Amino acid sequence: MPKIDLDALPQANRTGYPAEFADAVAGRWYRRLAPATGLTEFGMSHVVLKPGAWSAHRHWHVEEDEVVIMLAGAAVLIDDNGRTDMRPGDVAVFPKNDGNGHHLVNESDSDCTFIAIGRPAEGECHYPDIDMHIGPDGRYRRKDGTAFEQASG
């Protein structure tokens with residue numbers, strides 16, 4: 001059946017960010033839709049941001065187009081052009097390699113929900129506000145190229 005049963009898909013709030021950058025996305029909960037539905041040409045996630053949560057650190061991808069479709073609640077899109085309110089039905093697009101660092105922040109007192117569409121995570125990604133970059137090898141590194149220390153334990 002083409003309709004996706006969201007309740008049957010696991011919801012996670014994991015991040016690959018190094019520990020020093022992970023707190024901002026601790027209230028981001030997502031369900032990966034593409035793997036569960038057999039889609040292979042693009043990634044798609046159903047995302048819930050709790051109040052105060054960020055979708056990501058401001059970033060832009062070298063090889064990935066992105067689309068965000070707001071479903072419920074309110075968020076603020078913060079990018080190189082400033083702040084834009086996002087409400088249900090609003091759509092934002094981020095062409096690959098445009099250099100426009102962007103993210104969504106839930107500044108309201110209730111959850112917001114959106115669909116994020118892009119390529120499966122791969123390729124370079126730049127984070128203009130913090131000392132982090134994803135290189136061609138897909139690993140998080142500091143902007144000078146040094147690797148982040150692995151957590152012990």
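In what order do the three strands of the open antiparallel sheet stand? The order is β6-β5-β8. Strands here are DSSP runs of E with at least two residues, and helices are runs of H or I with at least four, both numbered from the N terminus. The model is predicted: local features need pLDDT of at least 70, side-chain atom pairs count only at pLDDT 80 or more, and totals for chains, interfaces and linings use all residues. Residues are numbered from 1 along each chain as its sequence is written, and side-chain values use heavy atoms, without hydrogens and water.

In this three-stranded sheet, β6 and β8 stand at the edges. Each has a single partner strand, so one side of each lacks a neighbour in the sheet. The twist averages 25° from one strand to the next. Axes for this angle are lines fitted to C-alpha atoms, for helices over the stretch in contact, and angles run from 0 to 180 degrees between N-to-C directions. Strands count as paired if DSSP finds at least two bridges between them. Five bridges join β5 and β6, in the antiparallel sense. The two strands form a hairpin, with two residues between them. Isoleucine 78 has arginine 83 of β6 as its bridge partner. Leucine 77 stands opposite threonine 84, also in β6. Strands of a sheet pair through backbone hydrogen bonds, either parallel or antiparallel.

A second open sheet contains four strands, in the order β3-β10-β11-β12. Its pairing is antiparallel. The edges are β3 (60-61) and β12 (140-141). Each of these edge strands has a single partner, so one of its sides is left without a neighbour in the sheet. Strand β11 (residues 132-134) is joined to β12 by two bridges. Isoleucine 134 lies opposite tyrosine 140 of β12.

The chain as a whole holds two helices and 12 strands. Along the sequence they follow the pattern α-β-α-β-β-β-β-β-β-β-β-β-β-β. The radius of gyration is 15 Å, close to the 15 Å given by the globule rule for 153 residues, so the chain is as compact as a globular protein of that length. This radius is taken over C-alpha atoms, and the rule is 2.2 Å times the number of residues to the power 0.38. The C-alpha trace spans about 45 × 35 × 35 Å along its principal axes. Of the 153 residues, 41% are buried. Buried means under 20% relative accessible area, exposed over 50%, and partly exposed in between (1.4 Å probe, protein chains only). Among contacts (heavy atoms within 4.5 Å) with a separation of 6 or more, 61% link residues 24 or more positions apart.

The largest nonpolar core has 15 residues. Such a core is a set of buried Ala, Val, Leu, Ile, Met, Phe, Trp, Tyr and Cys residues joined through side-chain atoms within 4.5 Å. Leu49, Met70, Leu77, Met86, Leu104 and Phe114 touch the most other members. At least two residues each come from β2 (43-49), β4 (66-72), β5 (75-79), β7 and β9 (112-118). Another core, of 10 residues, lies apart from this one and includes Tyr17, Val25, Ala56 and Tyr127. Leucine 104, with residues up to four places away in sequence left out, touches Leu49, Ala53, Trp54, Ser55, Val68, Met70, Ala75, Val76, Leu77, Met86 and Phe114.

Histidine 102 belongs to strand β8 (residues 102-105). Histidine 102 is buried, at a relative accessible area of 4%. Its side chain makes a polar contact of 2.7 Å with the side chain of glutamate 66. A polar contact is a pair of N or O atoms within 3.5 Å; within protein, one must be able to donate a hydrogen and the other to accept it, and residues adjacent in sequence count only if both atoms are side-chain atoms. The histidine 102 side chain also reaches the backbone oxygen of asparagine 100, at 2.9 Å. Beyond four places in sequence, histidine 102 touches several residues, including His57, Trp60, Leu77 and Phe94.

Two loop residues are exposed. Glycine 89 lies in the loop between β6 (82-86) and β7 (91-94), with 58% relative accessibility. Its C-alpha atom is separated by 6.1 Å from that of leucine 71, 18 residues apart along the chain. Aspartate 109 lies in the loop between β8 and β9 and is exposed at 75% relative accessibility. Aspartate 109 and alanine 147 are 38 residues apart in sequence and 37 Å apart in space, C-alpha to C-alpha.
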